[in-house]
Structures are given as structure tokens and as C-alpha cells.
Amino acid sequence: MKCNSKKAPADFNRQLDAETRLFVQLVLLLGYPQAYAYQIAFPKSSASACSAAAIGCRLMQDLHVREYARMLERVFATREQYLNPKVIGKL
């Protein structure tokens, strides 16, 4: 099998549902444990605490979830650059 040297484009056609976005935001932005964040984001789920931890871990490994997490990191890195008091003082 021949490996393509070009990076494959990300599939932006798949939109994450609101619950999955909330889960990622709770984990990355607020620092909630994955099990607790899963139980908050998916309140209708009947998963136990142990199952929620495993499901949350697998969910964080999903390609589209990781791409969303990278996008959040880029947005906040850019915001931090512009919200830095040293930069604001120079404007």
C-alpha cells in the first residue's frame, strides 16, 4: 500500500452534536473529569460512573472530537495573544 505524502484534509462535513461539544468544553475548558463531564453532557444516558469514564475516554479519541479540541486550542491561543495586558497596552 502506497502512503500519500500529502496530509489528508479534515472532514468538516460532520458536525458534532450539542452534547458532544458540551462534553469537550467541560473537559478542556473547565477541567472536569471525563466521567463527570459525560454524565452532565449526556443526562439521558444510563451509563454508570465506570462506564461513563470509559465512554468519555473513547469519545475524546474520536477524530472529529480531536479536531474540535484543536480548533478550541487555536481560538484560545489567539485570544490569549490579544488579551495579554502587554499587547493591549501597545494598542
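This is a predicted model: local features need pLDDT of at least 70, side-chain atom pairs count only at pLDDT 80 or more; totals for chains, interfaces and linings use all residues.
**H1 against H2**

I looked up the geometry of this pair next, since two packed helices are described by the angle between their axes and the distance between the axes. The axes of H1, which spans residues 18-28, and H2, which spans residues 34-41, come within 9 Å and cross at roughly 145°. I then listed the residues that make the contact: H1 contributes Glu 19, Leu 22, Phe 23, Leu 26 and Val 27, while H2 contributes Gln 34, Ala 37, Tyr 38, Ile 40 and Ala 41. Sorted by class, the contact of H1 with H2 comprises eight nonpolar residues, one polar residue and one charged residue.

**The buried side of H1**

I asked myself which residues of H1 are buried. I found Thr 20, Phe 23, Val 24, Leu 26 and Val 27. Viewed down the axis of H1, these buried residues fall within an arc of 165°, so they line one face of the helix.

**Ala 53 in H3**

I moved on to Ala 53, which lies in helix H3, residues 49-60. Is Ala 53 buried, exposed or partly exposed? With a relative accessible area of 32%, Ala 53 is partly exposed, because the value falls between the 20% and 50% cut-offs. Leaving out neighbours within four places in sequence, I recorded contacts of Ala 53 with Gln 34 and Ala 35. I also checked Ala 53 against Tyr 38: the two are 15 residues apart in sequence, and their C-alpha atoms are 7.6 Å apart in space.

**The whole chain**

Last, I stepped back to the protein as a whole, for which I counted five helices and zero strands, the elements running α-α-α-α-α from the N terminus on. Of its 91 residues, 22% count as buried. The accessible surface comes to about 7300 Å², and 58% of that belongs to carbon and sulfur atoms. Among the contacts with a separation of 6 or more, I noted that 41% are accounted for by residues 24 or more positions apart.

Notes. Residues are numbered from 1 along each chain as its sequence is written. Side-chain values use heavy atoms; hydrogens and water are left out. Helices (H or I, at least four residues) and strands (E, at least two) are DSSP runs, numbered from the N terminus. Buried means under 20% relative accessible area, exposed over 50%, partly exposed in between (1.4 Å probe, protein chains only). Contact means heavy atoms within 4.5 Å. Axes are lines fitted to C-alpha atoms, for helices over the stretch in contact, and angles run from 0 to 180 degrees between N-to-C directions. Ala, Val, Leu, Ile, Met, Phe, Trp, Tyr, Cys and Pro count as nonpolar, Asp, Glu, Lys and Arg as charged, and the others, Gly among them, as polar. Accessible areas come from the Shrake-Rupley method with a 1.4 Å probe; for residues, only the protein chains shown count as cover. The arc is that of the directions from the helix axis to the C-beta atoms.
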